[in-house]
Every structure is written in C-alpha cells, then in structure tokens.
Amino acid sequence: MVYRPETAKPLNELAQALLRGHDTLSAAECELIATYVSSLNDCYYCQNIHGAIAAHHLKGNEKLVLDVKQNYETAEISDKLRALLAVARKVWLGGKQVTKADIEKARQQGATDLDIHDTVLIAAAFCMYNRYVDGLATWQPRDAEFYRWRGAVVGEEGYLNLRREAIAIPNPAAE
Amino acid sequence: MKPMYLPDVESSPQPCFQADTIRMLQAQGAEYPQILHLFAFRPEATAHLTRFTREVMRGDAPLSAGFRELIAAHTSAKNGCPF
C-alpha cells in the first residue's frame with residue numbers, strides 16, 4: 001500500500017465508500033460480508049482485520065463474527081443478512097453463479113436494490129483485495145490483540161486519513 | 001438488451017460521465033454495455049474503481065499499457081467474462 005500510493009489511495013477510498021454502511025445496511029453488516037468472503041478465500045489478514053472491525057461495530061461480539069465465518073446459516077443474524085451472505089457466497093464462486101432466485105430471496109427478506117448492489121460489489125472487491133494481499137505473499141501478525149487494536153482504530157476512524165498517533169503500533173516496552 | 005437483476009440500478013443513474021454516456025447512447029437507440037449502469041448507480045464508490053483502473057492500467061510503470069491490457073483480457077477470459 002505504501003509502495004504504490006497511486007493505486008492504494010482509490011483502493012482505500014473504495015473500502016471506505018463500501019464498508020461504512022448506509023441507511024439500510026450497517027457498517028457491521030458490510031464488514032461481516034467482507035470478513036465472510038475473505039474467509040472463503042482463506043485470506044488471513046483480511047478476515048482477521050475486517051472481522052475485528054466488525055466485532056468493534058458489534059460491541060466486541062467476536063463470537064458472532066466467528067459464527068458467521070463458520071456457518072452463517074445458523075448464526076444469530078437477521079434473515080436479510082443471511083440472504084445477502086448467500087449472494088456474496090455466489091459472487092465468490094463466480095459472478096455467473098448468482099441467480100434470479102438468490103436476488104429474489106434477498107428481496108423477500110427486505111433487502112433493497114442498494115443493499116444487494118453493495119453486497120455484490122463488496123464480495124467482488126474483496127475477492128480482488130484478498131488476491132492482492134496473498135498474491136504478493138504479504139506477512140501479517142498472528143497476534144489476536146493486534147487485530148483487536150487495529151479493528152477498533154479503523155472502526156472508529158475509517159480507512160482514510162488516519163491520525164498519525166492512531167497509526168503507530170502500541171509498544172508497551174517503550175512507554 | 002435484457003433487464004438486469006436490479007431495476008433500481010438500471011433506472012436511477014446519478015450525475016457522472018457514465019450517466020451522460022448512457023443518455024447519449026439511448027438517444028441514438030444504440031445498444032450499450034450495462035456495466036455503465038453499475039458505474040452510474042453508485043459513483044461515490046465506483047469513481048474510486050475508475051481511478052484505480054486508470055492508475056493500474058495507464059499509470060507510470062515499466063509494463064506497457066498494451067501488455068497490461070493483455071493481462072486484463074487474459075484474466076477476464078479465464079473468468080468467462082467476454083466483455
């Protein structure tokens with residue numbers, strides 16, 4: 001992201017526009033869709049960072065995030081989000097796998113065209129982000145605490161113009 | 001042209017250059033790729049995709065624009081996306 005700021009900037013701006021939520025789809029729901037698709041793609045970084053941001057929006061409910069990743073069909077989420085996750089899964093399988101029936105099902109659960117549009121774009125964008133991150137073999141921390149901290153920062157501040165003090169990784173040894 | 005899955009996406013283009021292109025082509029009675037409707041529906045998100053694509057395809061970099069388009073065309077073909 002620092003290596004290629006020209007491409008990183010619009011990617012971050014897209015994430016911000018897609019994941020901050022709107023009237024009928026909350027930021028937590030958007031982040032859960034991103035987390036779920038990233039887990040299908042087995043992308044360690046994305047599923048953990050977006051899972052942590054989702055948990056931050058869900059008042060720390062990490063269990064719900066895990067439940068969605070493991071089996072969204074039985075997780076304690078709204079039927080609308082369940083139907084949108086089914087659409088996201090189809091996008092992950094391949095765009096042409098999304099059927100009219102998948103769309104109808106989401107509509108019956110109260111999803112608007114905007115909700116469905118954003119779900120498809122989040123799922124497609126994360127297939128790209130996941131491949132970008134893993135296609136260049138990026139290293140990432142394995143410490144759950146890192147993701148909790150970072151998830152709270154991004155959850156509060158968004159993906160753009162993070163304050164300098166919010167970017168620095170806390171180092172208790174130096175304090 | 002067949003209707004898309006989401007009628008709202010097709011019927012409510014927001015002000016942007018893709019919306020202008022749609023209006024122009026519709027006025028000519030021409031067929032056009034409906035990807036234009038996707039870009040025109042939610043420009044506050046898709047404008048970033050347009051800028052990303054411009055940068056990654058045409059930005060200053062060692063790979064030629066032609067070679068980058070070949071990579072994009074090859075990947076799209078493998079994904080079964082003829083457009």
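**Helical architecture and chain contacts of the A–B model**

Helices (DSSP runs of H or I, at least four residues) and strands (runs of E, at least two) are numbered from the N terminus. The structure is a predicted model, in which local features need pLDDT of at least 70 and side-chain atom pairs count only at pLDDT 80 or more, whereas totals for chains, interfaces and linings use all residues. Residues are numbered from 1 along each chain as its sequence is written, and chains are lettered from A and ligands numbered from 1 in the order in which they are written.

The model scores ipTM 0.94 and pTM 0.93. The mean pLDDT (the predictor's confidence in each residue, from 0 to 100) of chain B is 95, and 100% of its residues score at least 70. Within chain B, confidence is lowest in α4(B), with a mean of 95, and highest in helix α3 (residues 35–41) of chain B, at 97.

Chain A contains nine helices and zero strands, and its order along the sequence is α-α-α-α-α-α-α-α-α. Its radius of gyration is 16 Å, close to the 16 Å that the globule rule gives for 175 residues, so chain A is as compact as a globular protein of that length. The radius of gyration is taken over C-alpha atoms, and the globule rule is 2.2 Å times the number of residues to the power 0.38. The C-alpha trace of chain A spans about 55 × 35 × 30 Å along its principal axes. Of its 175 residues, 38% are buried. A residue is termed buried if 20 or more other C-beta atoms lie within 10 Å of its own, exposed if 12 or fewer do, and partly exposed in between, with C-beta atoms placed from the backbone. Among contacts in chain A with a separation of 6 or more, 65% involve residues 24 or more positions apart; two residues are in contact if their C-beta atoms, placed from the backbone, lie within 7 Å.

Chain B has five helices and zero strands, arranged along the sequence as α-α-α-α-α. Its radius of gyration is 15 Å, whereas a compact globule of 83 residues would have a value near 12 Å. The C-alpha atoms of chain B occupy a box of roughly 40 × 25 × 25 Å along the principal axes. Buried residues represent 16% of the 83 residues of chain B. Of the contacts in chain B between residues at least 6 apart in sequence, 48% join residues at least 24 apart.

Helix α1 of chain A comprises 15 residues (5–19) and should span 21 Å at 1.5 Å a residue, in agreement with the 20 Å between its end C-alpha atoms. The expected span is 1.5 Å times one less than the number of residues. Pro10(A), Leu11(A), Leu14(A), Ala15(A), Ala17(A), Leu18(A) and Leu19(A) are the buried residues of α1(A). These buried residues pack against α2 (27–40) and α7 (113–135) of chain A, together with α4 (43–58) of chain B.

Between the two chains, 16 residues of chain A are in contact with 17 residues of chain B. On the side of chain A that touches chain B, two or more residues are given by each of α1, α6 (100–108) and α7 of chain A. The largest share of that side, eight residues, comes from α1(A). By residue class, the side consists of nine nonpolar, two polar and five charged residues. In this classification Ala, Val, Leu, Ile, Met, Phe, Trp, Tyr, Cys and Pro count as nonpolar, Asp, Glu, Lys and Arg as charged, and the others, Gly among them, as polar.

The largest nonpolar core has 54 residues, and those with the most contacts inside it are Leu18(A), Ile33(A), Ala88(A) and Ala123(A). Such a core is a set of buried Ala, Val, Leu, Ile, Met, Phe, Trp, Tyr and Cys residues joined through C-beta atoms within 7 Å. Helix α7(A) supplies the largest share of this core, nine residues. Apart from its neighbours within four places in sequence, Ile33(A) is in contact with Leu84(A), Leu85(A), Ala88(A), Thr119(A), Ile122(A) and Ala123(A).

Most residues other than glycine have a negative phi. Asp42(A), although not a glycine, has a positive phi of about 60°. Asp42(A) is placed in the loop between α2 and α3 (44–57) of chain A and is exposed, with 10 other C-beta atoms within 10 Å. Lys59(A), likewise a residue other than glycine, has a positive phi near 55°. Lys59(A) lies in the loop between α3 and α4 (62–71) of chain A and counts as exposed, with 8 C-beta neighbours inside 10 Å.
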